[in-house]
Amino acid sequence: MTKTAIEITDLNFSFENLAILENINMSIEQGDFAGLVGPNGGGKTTLLKLILGLYKPQSGKIAIFGEPLKNQRKTIGYVPQYANFNSDFPISVQDTVLQGRLGISTCFGRYCREDKIIAQKVMQETEILNLAHRSIQTLSGGQMQRVLVARALAAEPEIMLLDEPTANIDQRAEKDIFDIFKAINERMTILIISHDIGFVSDYINKVFCLNKTLVCHDSTPVTSDTIHTLYGGHVNEIHHHH
Amino acid sequence: MLEFFNTLSSQAFLQNALLGGILASIGCGLTGSFVVVNRIGYMAGGIAHSVLGGMGIAYYLGLNPFAGALIAALLAATIIGVIKLKWQHQEDTTIGAIWAVGMAIGIIFISKSYGYNANLMSFLFGNILIISDEQLFIMLLLDIITIIFVAVFYKQLVAISFDIEFATVRGINVNLFYLLLLCLIAITVVLLIQVVGLILVIALLTLPAAIAKQYVHSIGMMMLLASVFGVIFTSTGLFVSYEPDLPAGATIILISGLAYFVSSFVKSFFRFK
């Protein structure tokens, strides 16, 4: 039987009296590969950060496997849109990935052997094992993105939250990374933010369209009306043939 | 040149000076690395300068100025930390205010005490040649506190320096560790004041670490290398300044600054070749 991984009820969030998110209700089942799409400024990243506990909602409830976040923090992995750090920070790829073990590792001061074994495993999975001892200063955009994915995987999460993980890399690398996501979806729930509704539709089984409020979710078929409500103005529809 | 080594072998004051330089270098390597990677030199400067307030008050009351310095440094670190975490947009102005107000308090209290000029100068620019055994012991104690703290919380300190948002997501109490890091800077500032004085502290805190950062890719190695550079700079500065009777603190800083510029130049030259 599948459980509900993320359940959001009547969520409202505003910043300095400006409503960012209104009346959000959504649920993501265990094993889902869910996509969150919508225009810039529509509140996608804000919603993700609310789920992560980085922001506090004014009202409403977010439950992770039926519990408040603080009991379920260890089950969540997070890949940010941009690297939030200085790229000249003196740290190796392996030490960056090991940071995913924070809050889980039981050792004092340094990371344990077990942490290192898990780091090796996820670096293998994301195909960066050969870069393990390289400084992050020397990485390309695509390599850095894999490091961020590996860092999130190192926590051995049950839910992965990804914020436009391929926004800054070329299309070929994008497909390679999505194939990794597809593989990890075998064992964990994924919620991914994307600007490219067409591209992600090959991978996801559920879609949420967000523009301040949820314009559509998986039970509503995505019609051109919905697209208009979502993006306003003129959108060129391109039909994909597979 | 021989005179330096003759005096070193026979005179306790010069031995204490050399030892003081080494003890200060350990602190500057460990804490300085975090100051450099967090880019909080200005914050460390604010803590360092406001220390004069505590020293002045302690001096006026006839207490040990370094006890006053330690209290003032920890107080300034806490205030700056809380302001940084709560009201980020006013951080710059507030640090400037704490910096100047601390110094003003110090100058007023010292001016009302006996022996104004000589003591003010040694607080501001340090006097490595008059380090007592007791001060060496206090420096050793501050070093031990720093080493234990960094060893126990190495993971957390690196994590909040590297990516504070990710550290939060992983459940680290980032505000607590940020405040503790600033308190660590406060302790190190006090450790370094005797050697180079509070005005020059910031150079010894950042320059060895900044040079080290150019050659390594882990914070641990950066700390080790920065400490070694610190020992080299303080010892060389002491040696060079001794015979011509130059101020040792200023000489140490000049050598560190020179080393930093040479290293940066060499690094960028080889990168673009």
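Helices here are DSSP runs of H or I with at least four residues, and strands are runs of E with at least two, both numbered from the N terminus. The model shown in these close-ups is predicted.

**View 1. Arg39(B), in the loop between helix 2 and helix 3 of chain B.** Arg39(B) is not a glycine, yet its phi is positive, at about 55°. Is this residue buried or exposed? With a relative accessibility of 56%, Arg39(B) counts as exposed.

**View 2. Glu164(A), another residue with a positive phi that is not glycine.** Here phi is near 40°. Look for Glu164(A) in the loop that joins strand 6 (159-163) to helix 6 (171-184) of chain A. Its relative accessibility is 8%, which places Glu164(A) among the buried residues.

**View 3. Helix 2 against helix 8 in chain B.** Helix 2 spans residues 12-38 and helix 8 spans residues 154-162; their axes are 9 Å apart, and the packing angle is about 20°. This angle makes the two helices of chain B roughly parallel, since anything under 35 degrees counts as such. The crossing of helix 2 and helix 8 in chain B is right-handed. On the helix 2 side, look for Phe34(B), Val37(B) and Asn38(B); their partners in helix 8 are Leu157(B), Val158(B), Ile160(B) and Ser161(B). By type, this contact holds 5 nonpolar residues, 2 polar ones and no charged ones.

**View 4. Helix 3 against helix 5 in chain B.** Helix 5 covers residues 91-111, and its axis is 7 Å from that of helix 3, at an angle of about 25°. How are helix 3 and helix 5 of chain B oriented to each other? They are roughly parallel. The handedness of this crossing in chain B is left-handed. The residues in the contact comprise 14 nonpolar, 9 polar and 2 charged.

**View 5. Phe4(B) and Tyr242(B), an aromatic pair in chain B.** Over all chains, the aromatic pairs number 17. In the pair shown here, the ring centres of Phe4(B) and Tyr242(B) are 5.7 Å apart and the planes meet at 75°, so the arrangement is edge-to-face; the cut-off for that label is over 60 degrees.

**View 6. Phe265(B) and Phe269(B), a stacked pair.** The ring centres of these two residues are 6.3 Å apart and their planes lie at 20°, so they count as stacked. Both belong to helix 12 (residues 248-272) of chain B, where a spacing of 4 residues separates them by about one helical turn. Phe265(B) is exposed, with 58% relative accessibility, while Phe269(B) is partly exposed, with 45%.

**View 7. Glu165(B), in contact with residues of chain A.** Glu165(B) belongs to helix 9 (residues 164-169) of chain B. It counts as buried, at 15% relative accessibility. Which residues touch Glu165(B), once neighbours within four places in sequence are set aside? They are Lys49(A), Leu54(A), Tyr78(A), Pro80(A) and Asn84(A).

**View 8. Leu21(A) in strand 2 of chain A.** Chain A has 8 helices and 9 strands, and buried residues account for 51% of its 242 residues. Strand 2 runs over residues 18-29, and Leu21(A) in it is buried, with 1% relative accessible area. Beyond neighbours within four places in sequence, the contacts of Leu21(A) include Phe13(A), Leu47(A), Leu50(A) and Leu210(A). Asn211(A) is 190 residues from Leu21(A) in sequence, but their C-alpha atoms are 8.1 Å apart in space. For the chain as a whole, 70% of the contacts in chain A between residues at least 6 apart in sequence join residues at least 24 apart.

Notes:
Residues are numbered from 1 along each chain as its sequence is written. Chains are lettered from A and ligands numbered from 1 in the order in which they are written. This is a predicted model: local features need pLDDT of at least 70, side-chain atom pairs count only at pLDDT 80 or more; totals for chains, interfaces and linings use all residues. Side-chain values use heavy atoms; hydrogens and water are left out. Axes are lines fitted to C-alpha atoms, for helices over the stretch in contact, and angles run from 0 to 180 degrees between N-to-C directions. Angles under 35 degrees count as roughly parallel, over 145 as roughly antiparallel, 65 to 115 as roughly perpendicular and the rest as oblique. A crossing is left-handed if the near helix is turned anticlockwise from the far one by less than a right angle, and right-handed if clockwise. Contact means heavy atoms within 4.5 Å. Ala, Val, Leu, Ile, Met, Phe, Trp, Tyr, Cys and Pro count as nonpolar, Asp, Glu, Lys and Arg as charged, and the others, Gly among them, as polar. Rings of Phe, Tyr and Trp (its six-membered ring) pair if their centres lie within 6.5 Å; planes under 30 degrees apart count as stacked, over 60 as edge-to-face and the rest as tilted. Buried means under 20% relative accessible area, exposed over 50%, partly exposed in between (1.4 Å probe, protein chains only).
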